[in-house]
Amino acid sequence: MSGSVTSQPGVVTFDYSTWSALYPSLSMNTNVTQATEYFAQAGDFLNNTPLSPVQDLTKRARLLNLLTAHIAQLNLPTDAGGNGAGTVGRVASAAEGSTSVSLDMGAPSGSASWFMQTQYGATFWQMTAYLRQMRFVPGRSPRARIWP
């Protein structure tokens, strides 16, 4: 499993050695403290408690590691292979003489644009598509509440 389970059941903890093996290009420029903080930020996007919509801890660890890589790449400076405070979006066109670059975020809906900035975020977005769909829970409809 890419992540380990703590003494708290149903919670995945960050395993830097696993993460750095999965994302060596990012780990070269991201120390343990930074990566641990990025993992904590990833938990703000994907619930990492026993109440998470992703109950399979192995799958949740995989998703949290992808989010951690996404956040790390967004925060790395461009000279270290990250997005840094530089460009956002995909390169739509480029020229060489006098150097010209055109970027496009496309027309993704909702918060997809933020995830589409890196390959890790795009992968996370695709892997969690099922979480953004309506869920039907069969059962009796609750009685309408009329107030007051």
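Tutor: Begin with the secondary structure, which in this predicted model comes to 6 helices and 4 strands for the protein chain. Read along the sequence, these elements follow the pattern β-β-α-α-α-α-β-β-α-α.

Student: How should I read the burial of one residue, for instance threonine 68: is it buried or exposed?

Tutor: A residue counts as buried when its relative accessible area is under 20%. Threonine 68 has a relative accessible area of 0%, and therefore it is buried. This residue is found in helix H4, which spans residues 57–75, and, leaving aside neighbours within four places in sequence, threonine 68 is in contact with Phe14, Trp19, Ala35, Tyr38, Phe39 and Ala42.

Student: Which residues does leucine 26 contact, leaving aside its neighbours within four places in sequence?

Tutor: Contact here means heavy atoms within 4.5 Å. On that basis leucine 26, placed in helix H2 (residues 24–27), is in contact with Trp19, Ala69, Gln73, Leu76 and Tyr120. Leucine 26 is buried as well, with a relative accessible area of 3%.

Student: How far apart are the C-alpha atoms of leucine 26 and alanine 69?

Tutor: They are separated by 7.2 Å, although the two residues lie 43 residues apart along the chain. For the chain as a whole, residues 24 or more positions apart account for 52% of the contacts with a separation of 6 or more.

Key:
Residues are numbered from 1 along each chain as its sequence is written. This is a predicted model: local features need pLDDT of at least 70, side-chain atom pairs count only at pLDDT 80 or more; totals for chains, interfaces and linings use all residues. Side-chain values use heavy atoms; hydrogens and water are left out. Helices (H or I, at least four residues) and strands (E, at least two) are DSSP runs, numbered from the N terminus. Buried means under 20% relative accessible area, exposed over 50%, partly exposed in between (1.4 Å probe, protein chains only).
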